[in-house]
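User: I would like to learn how to read aromatic pairs in a protein model. Could you take me through them step by step?

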Amino acid sequence: MEKNPTVLMETSMGNIKIELFKDKAPISARNFLAYVADGYYDGLIFHRVIKNFMIQGGGLDESMQPKKTKFAIKNEAANGLTNKRGTLAMARTAVVDSATSQFFINVVDNPFLDYKGKTPDLFGYAVFGQVIEGMDVVDAIKEVKTGSKAGHSDVPLEPVFIKSVKVCEE
C-alpha cells in the first residue's frame, strides 16, 4: 500500500507536520498538494482563529487580500473521516462543492462539521489530513489575540504567517 504523503508547514510560530489522507480524500489531498507544489501558501496567513473551534488559513495575505485560486473541488465529506481535534479539513462557502485553497485545523472535536446527509445543510466539511507533529504549535496559534480587520472577524492581531509548505521526502 502506498504511504500517505506528509507535508511540513512552517509557520511564524513553529512547524506543523501533516499527513494527508490521499487514500480516503484523494481529490482534496491532490488539490492541496497542487497548491503546495506552486508555493501558493508561502506568505499567506491564518486569517481566522477561533480558540475553541479551529484555525483557518490558505487564502488571504496579511492585508486580507484573497489570492487567486484554482477551480473548486468536489466535497469529500462523506469519506468516513470526522472533524476531530488535529484534523485538517477543506474550508468552503455554503455551496457544498466550493472548496479551493483554504483549509482549517480543528482544535477541538467538531462533530457538527461532519457529513450527515446529502443536502447542503447536512453535507459537512471534508477532512483530508491530520497533524502528526506540532499540535503544540496549533495550540499556540489558537491562543493569539484576535479582532476585526477589513470586514473579517476573528483575525489574529499579530499576523500568523504560513512561511512555507513543503512535501516531506520520506
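User: How many aromatic pairs does the structure hold?

Analyst: A pair of aromatic rings is described by the distance of the centres and the angle of the planes. Rings of Phe, Tyr and Trp (its six-membered ring) pair if their centres lie within 6.5 Å, and planes under 30 degrees apart count as stacked, over 60 as edge-to-face and the rest as tilted. This structure, which is a predicted model, holds 11 aromatic pairs. Among them, the rings of Phe-32 and Phe-103 have centres 5.6 Å apart and planes at 85°, so this pair is edge-to-face.

User: Where do Phe-32 and Phe-103 lie?

Analyst: Helices (H or I, at least four residues) and strands (E, at least two) are DSSP runs, numbered from the N terminus. Phe-32 belongs to helix α1 (residues 26-37) and Phe-103 to strand β6 (residues 103-106), so the pair ties together parts that are 71 residues apart in sequence.

User: Is Phe-32 buried or exposed?

Analyst: Buried means under 20% relative accessible area, exposed over 50%, and partly exposed in between (1.4 Å probe, protein chains only). Phe-32 is buried, with a relative accessible area of 0%, and Phe-103 also counts as buried at 0%.

User: Which residues form one aromatic cluster?

Analyst: The cluster is formed by Phe-32, Tyr-35, Tyr-40, Tyr-41, Phe-46, Phe-103 and Phe-128.

User: What should I know about the numbering and the values?

Analyst: Residues are numbered from 1 along each chain as its sequence is written, and side-chain values use heavy atoms, with hydrogens and water left out. Local features need pLDDT of at least 70 and side-chain atom pairs count only at pLDDT 80 or more, whereas totals for chains, interfaces and linings use all residues.
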